[in-house]
Amino acid sequence: MGIKRRHWASAAAPLALALLAATGCASTPGARAEPTAAPTASGALSTSVARVCGKPAAGPTKAPAGAVPVDPAEVGDLAAKTKSNPANTTFWLRPGKHRLDPDRYAQVIPKEGDRYLGAPGAVLDGREKNQYAFGGTARDVTIRYLTVQGFVAPQNEGVVNHDSADGWVIEHATIQDNSGAGLMAGAHQRVRANCLRDNGQYGMNAYTTGGRVSDLVVEGNEIVGNNTGDWERRRPGCGCTGGVKFWAVNGADVRGNWVHDNRGTGLWADTNNNDFRIENNVLEANDGAALIYETSYNAVIRNNTIRRNNWVEGRKAADRGDNFPFATVYLSESGGEPRIRARTDKIEIYRNVLEDNWSGITLWENADRFCNSPANTSSGDCTLLVRDPHRCTEPAIASPPLYADCRWKTQRVDIHDNRFVLDKSVVTCTARCDRMAVLANYGTYPDWSPYKGDRVAEAITDKQHNRWHDNVYLGPWTFVAHDPSQVLDSGQWRGTPYRQDAGSTLDPQAGG
């Protein structure tokens, strides 16, 4: 990660609940926020949201023709019948709690094309004994209408599709109260209309060992309350939490999800992701940023409703005097790159509504983070532009093309036609919650770095085609450019040398 993420402050939890109550969210401890209709940039109302956990879809009450019934009264029946039947079998889990053998590694190993359908009330329960529910490398497995809970996957591992097999379809499932990640992802995976709730580390971890996940669809899910294990507190700066984490995913559509009340970040794409469309989601009341796009490329972020995020982590940073503009949408060393094939050659952020978050959008680049630098927290990874990372060393790195290609760059970011609303009385803040920013640090490290000094700060601010324009600002917004000390008013932000937000409007009194 470019910046260490801040952990949850347990002392702030009662305050956070009170603040949520003041903005129309549930105030009962343990209750979830209920989304309200939000204005879009055009002034219309967006009411569609994935309320999956409260009203999960019910599976078939009778076994479909040809399906193999699975008996919850017989321990291990699901795994045994999966093993004894051929590929492309449909299994129907009767109502009740299904259990695996008590061995920690006992799990269901599907065959290619197997389908698992849960009857109403069908639950696969790990009983805090089994680590994994479904594993193996079989392709094109389908899981529908099933609750999976109580599994104890280790950190960074997952319960469903543990081995990140390709082509899985997970729909109308409830995956809850597990350790690790509720769900892993493989190539061509479809994750639709699920409740991913209260898992110890992630709702979903889109990661595969030694490769990239491609063609991923995450649609219409409710992703809530994840990172119950509070991993950023246990391992500060690990960058290992969130509602969903994406690693090296090439091509993802993330749409129509309700991502809320997660401890830490809502959606986090980290390290060499490319070609994302993040659209029509409601991202709200996450303790940290709603969205982080880090050391990654080429994305469209549009038509999202983003509200009341980052109150815990943003406030915590401000209380300790940190002047970094901790934002609700945070782009860290990420930008558009025409040389990498995608549906866009930039990062375009438009027609979103951001309302009463802790700060807005920050574009950041760490001057000390590049291939082979000890400051690269994605250790061992290099940019997608360099085939031989060993070339990113002195003296070659100081000359073209490596000078440009060995560094993840925040470039070609186009932020337009968004609506930014801030009422400080709602957020209950007085300072440092009102910022838009484009900045970098002063390069110092390592000794052989060609990016020392303010070279990167000058590049991200003036030379890398990062632009805000045609936005609407309601409330007392301020702006940061070049480095954290350069805090600007709207006139300075629009004037020379920054020339940002042409065509935008600002009403400092309208936000509250």
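Reader: What joins Cys429 to Cys433?
Author: A disulfide joins them, with 1.8 Å from S to S. The term stands for a pair of cysteine sulfur atoms within 2.5 Å, so a pair at 1.8 Å meets it. This is a predicted model, in which local features need pLDDT of at least 70 and side-chain atom pairs count only at pLDDT 80 or more, while totals for chains, interfaces and linings use all residues. Residues are numbered from 1 along each chain as its sequence is written, and side-chain values use heavy atoms, with hydrogens and water left out.

Reader: How many disulfides does the structure hold?
Author: There are four. In general, such a link is a covalent bond between the sulfur atoms of two cysteines.

Reader: Why is the link of Cys392 and Cys406 called left-handed?
Author: The torsion about the S-S bond is about -85°, so this disulfide is left-handed. Cys392 lies in the loop between β31 and α5, and Cys406 in the loop between α5 and β32 (413-416), so the pair ties together parts 14 residues apart in sequence. The sulfur atoms of Cys392 and Cys406 are 2.1 Å apart. Helices and strands are DSSP runs numbered from the N terminus (H or I, at least four residues, for helices; E, at least two, for strands).

Reader: What is the handedness of the link of Cys371 and Cys382?
Author: With 95° about the S-S bond, this link is right-handed. Both Cys371 and Cys382 are in the loop between β31 (361-365) and α5 (402-405), eleven residues apart. The sulfur atoms of Cys371 and Cys382 are 2.1 Å apart, and the pair forms a disulfide.

Reader: Why is Asn273 called buried?
Author: Buried means under 20% relative accessible area (exposed is over 50%, partly exposed in between; 1.4 Å probe, protein chains only). Asn273 has a relative accessible area of 0%, so it is buried. Asn273 is found in the loop between β22 (267-270) and β23 (274-279).

Reader: What does the side chain of Asn273 reach?
Author: It reaches the backbone oxygen of Phe246 at 3.2 Å.

Reader: Which residues does Asn273 touch?
Author: Not counting residues up to four places away in sequence, Asn273 touches several residues, including Arg212, Trp247, Tyr293 and Tyr297. Touching here means contact, with heavy atoms within 4.5 Å.

Reader: Why does Asp287 count as buried?
Author: Asp287 has 10% relative accessibility, which is under 20%, so it counts as buried. Asp287 lies in the loop between β24 (282-284) and β25 (291-294). Asp287 and Asp261 are 26 residues apart in sequence and 6.8 Å apart in space, C-alpha to C-alpha.

Reader: Which residues of helix α7 are buried?
Author: In α7 (residues 455-463), Val456, Ala457, Ala459, Ile460 and Thr461 are buried. What covers them includes β31, β34 (435-440), β35 (467-469) and β37 (478-482). His465 follows α7 and has a positive phi, near 60°.

Reader: What makes a space a cavity, and what makes it a pocket?
Author: On a 1 Å grid over the protein atoms alone, a cavity is a set of points where a 1.4 Å probe fits but cannot get out; a pocket is an open set with protein on both sides within 12 Å along at least five of seven lines. Lining residues have an atom within 4 Å of a point. A volume is the space filled by probe spheres set on the points, which are joined across faces, edges and corners. The count comes to four cavities of 30 Å³ or more.

Reader: What lines the largest cavity?
Author: The lining includes Tyr297, Glu337, Arg407 and Lys409, and the cavity holds about 60 Å³ of space. By class, the lining has four nonpolar, four polar and three charged residues. Ala, Val, Leu, Ile, Met, Phe, Trp, Tyr, Cys and Pro count as nonpolar, Asp, Glu, Lys and Arg as charged, and the others, Gly among them, as polar.

Reader: Which helix gives the most to the lining of the second largest cavity?
Author: Helix α8 (residues 490-494) does, with three residues. The second largest cavity has a volume of about 50 Å³.

Reader: Which residues are closest to the centre of the second largest pocket, and what is its volume?
Author: The volume is about 350 Å³. Of the 18 lining residues, Tyr207, Trp247, Thr271, Ser378 and Asp381 are the closest to the centre. The lining divides into seven nonpolar, nine polar and two charged residues.

How values were computed: A polar contact is a pair of N or O atoms within 3.5 Å; within protein, one must be able to donate a hydrogen and the other to accept it, and residues adjacent in sequence count only if both atoms are side-chain atoms.
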